[in-house]
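Thanks for coming. I will go through one structure today, starting with the terms and then moving along the sheet. Please have the sequence and the model open.

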Amino acid sequence: MGARAVAGRGGYPPGVLFDLDGTLLDSAPDMLATVNRMRAARGIAPMPLAALRPRVSRGARAMAAAAFPDLAEADVAGLVPEFLEVYREELGRHGAPFAGVEELLAALEAAGSVWGIVTNKPEHLAREILPQLGWEGRCAVLVGGDTLPERKPHPLPLLHAAREAGLAAGSCVYVGDDERDIAAARAAGMPSVVALWGYRLHDDDPVAWLGDVMVEAPQDLLVPGRWPWSEDRASRAAATAPPA
């Protein structure tokens, strides 16, 4: 399929790629259930959601480190397989899409825009959650952290996703809640939206990530004018972006 750059109806971008955890999905409750099962197996009291939530976008190792702060780094790394095994059992049992996400996806679909997911979560886990959300027939492309030789902040996953969706990279907008998301979008020549509703550590500075737009809630993106996309911009990006 040739790459295209035709705007969705109503001024939405032709394609939108989303991060998953912390952007589309509030998966922190699933992650909390996971680490608290691991702690209970070791006779340790549960940790509160507030202590884990900021680290969810940093991946399994970061969450294991938060759950077991007294362990050495090498020992924390050894917990990752157990974390993933337990998490698979808790997947989708506690979390849910962020408020406004379903409305946003429906608006994009109604406008004829294509949407997909690029996440650093292992692909098989990301694919398992889609049917629980009713997204398996709606998500045009899904790229996980182990789908390709590189993962975010490398641009390859975003470039690959755009190509698989039949879109030029500059005709997609990437929406994410982590600095790696915005760095990957910039390297791919793709406009970016910083999802301020997601997971961040207290000392993170989203302004310093240099995203094109920062939005407080998914509902903000129901306004087409909030998207950092235009046909002129897409044409310029296509001329300078790295090959997909």
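Contact here means heavy atoms within 4.5 Å. Helices (H or I, at least four residues) and strands (E, at least two) are DSSP runs, numbered from the N terminus. This is a predicted model, so local features need pLDDT of at least 70 and side-chain atom pairs count only at pLDDT 80 or more, while totals for chains, interfaces and linings use all residues. Residues are numbered from 1 along each chain as its sequence is written, and side-chain values use heavy atoms, with hydrogens and water left out.

First, the sheet. It is an open sheet of six strands in the order β5-β4-β1-β6-β7-β8, with parallel pairing. Its edge strands are β5 and β8, each of which pairs on one side only. Pairing means that DSSP finds at least two bridges between two strands.

Val118 has Val143 as its bridge partner in β5. Further along, strand β1 (residues 15-18) is joined to β6 by four bridges, again parallel. The partner of Phe18 in β6 is Val175.

Now β6 itself, residues 172-176. How many of its residues are buried? Five of its five residues are, where buried means under 20% relative accessible area, exposed over 50%, and partly exposed in between (1.4 Å probe, protein chains only). In a regular strand the side chains alternate between the two faces of the sheet. Here Cys172, Tyr174 and Gly176 point one way from β6, and Val173 and Val175 point the other way.

On its other pairing, β6 is joined to strand β7 (residues 192-195) by three bridges, and the two run parallel. Val175 is partnered with Val193 in β7. Between these two strands the chain passes through helix α9 (residues 179-188), and this β-α-β crossover is right-handed. Right-handed means that, with the strands pointing away from the viewer, the path from the first strand over the helix to the second runs clockwise. Also in this pair, Gly176 stands opposite Val194 in β7.

Strand β7 is covered on both faces, with Ser192 and Val194 buried on one side and Val193 and Ala195 buried on the other. Three bridges then join β7 to strand β8 (residues 213-215), in parallel, and Val194 has Met214 as its bridge partner there.

Next, what covers part of this sheet. In helix α8 (residues 156-164), the buried residues are Pro157, Leu158, Leu159, His160, Ala161 and Ala162. Which elements do the buried residues of α8 pack against? They pack against β1, β4 (114-118), β5 (142-143), β6 and α9. After α8 comes Gly166, with a positive phi near 75 degrees.

Now the annotated site. The UniProt annotation "binding site", from an unreviewed entry, covers Asp19, Asp21 and Asp177. Those positions are given in the numbering used here, feature names are shortened, and annotations may be inferred rather than shown by experiment. The three are spread over 159 residues of sequence, yet they cluster in space, with a largest C-alpha distance of 8.6 Å.

Asp19 is in the loop between β1 and β2 (25-26). At 5% relative accessibility, Asp19 counts as buried. Beyond neighbours within four places in sequence, the contacts of Asp19 include Val118, Lys152, Tyr174, Asp177 and Asp181. The side chain of Asp19 also makes a polar contact with the side chain of Thr23, at 3.2 Å. A polar contact is a pair of N or O atoms within 3.5 Å; within protein, one must be able to donate a hydrogen and the other to accept it, and residues adjacent in sequence count only if both atoms are side-chain atoms.

Asp21 is in the loop between β1 and β2 as well. Its relative accessibility is 8%, so Asp21 counts as buried. Beyond neighbours within four places, Asp21 touches residues including Ser57, Tyr87, Lys121, Asp177 and Tyr199.

Last, Val207, in the loop between β7 and β8. Is Val207 buried or exposed? Val207 counts as exposed because its relative accessibility is 55%. Val207 and Phe18 are 189 residues apart in sequence and 19 Å apart in space, C-alpha to C-alpha.
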